[in-house]
Amino acid sequence: MTTRYRKPLPDLSFEEGKEFWTYTKKHELRIPRCVDCGTYRWRPRPMCANCYSMNTEWARTSGKGTLYTWTVVHHPMGEAWVSEVPYAVAVVTLDEGVRLVSNILDCPPEELRAGMPLEVVFEDVTDEITLPKFRPVRQRRRL
Ligand SMILES: [Zn+2]
């Protein structure tokens, strides 16, 4: 990256979540899942809340989901956001059932609709960090 990224970055000292960013760097959206019962562990934590197993795998998701809810930010939080307002901060429900907070790209906030289908896109913001964002899945028009 040639320009310095000016917004806050994820805390890589959070041990259980560090691997998440390793996968997003590879443009893979993975969520920790219990090896013994298949329950996703989001937010990442060492023990399964369902069966108390300590066995975890980072399962690759489909990258697909739907818009659960959102808010539109009109007032920039700092200079880095001035050119971006208004923008949406959204809660996305992945097809795997896990909910993530992210941004919706390629869609004006006034066109957002609850339940709209979304897909992940990856933004390489620094040499170490790639952020998962989402955009609407556009229906292909039949000719
Ligand atoms: Zn389990």
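How do the residues of the lining of the largest pocket divide into nonpolar, polar and charged? We will come to that after a short walk through the protein. Keep in mind that this is a predicted model, in which local features need pLDDT of at least 70, side-chain atom pairs count only at pLDDT 80 or more, and totals for chains, interfaces and linings use all residues. Residues are numbered from 1 along each chain as its sequence is written, and side-chain values use heavy atoms, with hydrogens and water left out.

Let's begin with the overall plan. The protein has one helix and seven strands, and along the sequence they follow the pattern α-β-β-β-β-β-β-β. Here helices (H or I, at least four residues) and strands (E, at least two) are DSSP runs, numbered from the N terminus. Taken along the principal axes, the C-alpha atoms fill a box of roughly 45 × 45 × 30 Å. Of the 143 residues, 39% are buried. Buried means under 20% relative accessible area, exposed over 50%, and partly exposed in between (1.4 Å probe, protein chains only).

Now find helix α1, residues 18-25, where Phe-20, Trp-21, Tyr-23 and Thr-24 are buried. These four sit on the same side of α1, because they cover an arc of only 160 degrees around the axis; the arc is that of the directions from the helix axis to the C-beta atoms. What covers the buried residues of α1 includes the strands β1 (30-34), β2 (56-60), β6 (117-124) and β7 (130-136). Just after α1, His-27 takes a positive phi of about 60 degrees.

Step back to the segment before α1, and you will find Lys-7. Lys-7 is buried, with a relative accessible area of 17%. Lys-7 and Ala-80 are 73 residues apart in sequence, yet 6.3 Å apart in space, C-alpha to C-alpha. Leaving aside neighbours within four places in sequence, Lys-7 is in contact (heavy atoms within 4.5 Å) with Ala-80, Trp-81 and Glu-84.

The loops have some details to look for too. In the loop between β1 and β2 lies Arg-43, and the peptide bond from Trp-42 to Arg-43 is cis, with omega near 10 degrees. Tyr-52 lies in the loop between β1 and β2 as well; its phi is near 65 degrees, a positive value in a residue other than glycine. Tyr-52 is exposed, with a relative accessible area of 59%.

Finally, the pocket. On a 1 Å grid over the protein atoms alone, a pocket is an open set of points where a 1.4 Å probe fits, with protein on both sides within 12 Å along at least five of seven lines; lining residues have an atom within 4 Å of a point. The largest pocket has a volume of about 720 Å³, and of the 29 residues that line it, the closest to its centre are Val-101, Ser-102, Asn-103, Leu-131 and Lys-133. β5 gives the most to this lining, with five residues. So what is the answer to our opening question? The lining has 19 nonpolar, three polar and seven charged residues, where Ala, Val, Leu, Ile, Met, Phe, Trp, Tyr, Cys and Pro count as nonpolar, Asp, Glu, Lys and Arg as charged, and the others, Gly among them, as polar.

Conventions
Grid points are joined across faces, edges and corners, and a volume is the space filled by probe spheres set on the points.
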